[in-house]
Amino acid sequence: MAALAQLPPLPPQFKSIQHHLRTAQEHDKRDPVVAYYCRLYAMQTGMKIDSKTPECRKFLSKLMDQLEALKKQLGDNEAVTQEIVGSAHLENYALKMFLYADNEDRAGRFHKNMIKSFYTASLLIDVITVFGELTDENVKHRKYARWKATYIHNCLKNGETPQAGPVGIEDDNDVEENEDAAATSLPTQPPQMPSSSAYDPSSIPSGSYTGIQIPPGAHAPANTPAEVPHGPGVTSNTIQPTPQTVPAIDPALFSTVSQGDVRLTPEDFARAQKYCKYAGSALQYEDVSTAIQNLQKALKLLTTGRE
């Protein structure tokens with residue numbers, strides 16, 4: 001991918017989007033689609049903050065040039081040309097990063113890469129708003145991830161041992177105040193996640209995450225090499241795939257035929273298409289469970305007109 005034109009210095013008014021722009025730079029080669037939407041989010045947010053001050057106008061103009069260049073380079077990528085695919089791609093990517101950090105946290109492996117993953121996941125959930133309002137689930141994920149990143153960072157900074165796993169989120173102002181300090185101390189390169197980092201839904205005690213529900217069968221992206229430290233006793237770099245729990249398929253769906261009186265609306269078709277896109281995106285990450293769940297939802301909607 002061709003190098004993008006350099007941006008001018010960030011105006012002070014745009015401090016709130018500096019980490020989203022940094023995330024975009026980190027993903028230019030790793031995942032250009034993620035990089036594109038991070039810049040789009042920064043552009044939309046910047047326009048709302050200040051589009052009149054000369055320095056802000058200049059910055060936004062250069063950022064627009066970057067967006068146009070990226071869109072041209074990614075012109076044949078469905079994740080850029082179709083919002084449904086782009087939304088699914090971004091949401092899946094953010095969730096995999098969240099789950100990687102969550103797995104490390106639950107195992108008591110506290111390091112800069114896992115803090116970076118928590119924080120970056122929260123930033124990417126911000127970016128999902130370019131497609132519309134966040135779901136309640138994503139709002140909770142974002143709050144938890146951002147709080148966890150700050151909490152673990154502060155513990156390590158103060159020489160304390162963080163509490164592993166789900167803990168209650170304390171409603172204080174330290175999260176917002178310490179975000180910059182936590183983010184600037186993180187690695188400049190995005191964390192690399194092992195493809196075998198499997199998520200075990202059975203390991204979650206009931207009532208965890210103060211209401212946060214995480215889809216089963218998810219794991220980290222499959223095309224990223226492992227760079228996290230191995231635990232004690234690990235002598236081989238060979239990673240064994242972890243079996244996934246595949247949801248039971250409703251037998252009735254095999255014999256279900258759309259009834260003549262079912263009238264599907266354009267919204268129904270759009271939702272069914274979205275479920276299919278989510279399934280396709282999940283398969284890119286070898287996430288069979290999530291793919292099956294979304295395909296079942298699409299089939300039920302198309303044959304019954306109900307979700």
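**Figure 1. Asp102 and Arg106 sit four residues apart in helix α5 (residues 83-106), about one turn of the helix.** In this predicted model, the two residues form a salt bridge. Their closest N and O atoms are 2.8 Å apart. Asp102 has a relative accessibility of 0% and therefore counts as buried, since the cut-off for buried is under 20%. Arg106 has a relative accessible area of 23%, so this residue is classed as partly exposed.

**Figure 2. Arg109 pairs with Glu104 in a salt bridge.** The closest N and O atoms of Arg109 and Glu104 are 2.8 Å apart. Glu104 counts as buried because its relative accessibility is 4%. Arg109 is partly exposed, with a relative accessible area of 37%.

**Figure 3. A salt bridge joins Asp126 and Arg146.** Here the closest N and O atoms are 2.7 Å apart. Asp126 belongs to helix α6 (residues 112-127) and Arg146 to helix α7 (residues 136-157), so the pair ties together parts that are 20 residues apart in sequence. Both Asp126 and Arg146 are buried.

**Figure 4. Asp126 and Arg146 are also part of a network of salt bridges.** Arg142 is linked with Asp126 and Arg146 in this network. A search of the whole structure finds seven salt bridges, among them the one between Asp126 and Arg146.

Conventions: Residues are numbered from 1 along each chain as its sequence is written. This is a predicted model: local features need pLDDT of at least 70, side-chain atom pairs count only at pLDDT 80 or more; totals for chains, interfaces and linings use all residues. Side-chain values use heavy atoms; hydrogens and water are left out. A salt bridge is a side-chain nitrogen of Lys or Arg within 4 Å of a carboxyl oxygen of Asp or Glu. Helices (H or I, at least four residues) and strands (E, at least two) are DSSP runs, numbered from the N terminus. Buried means under 20% relative accessible area, exposed over 50%, partly exposed in between (1.4 Å probe, protein chains only).
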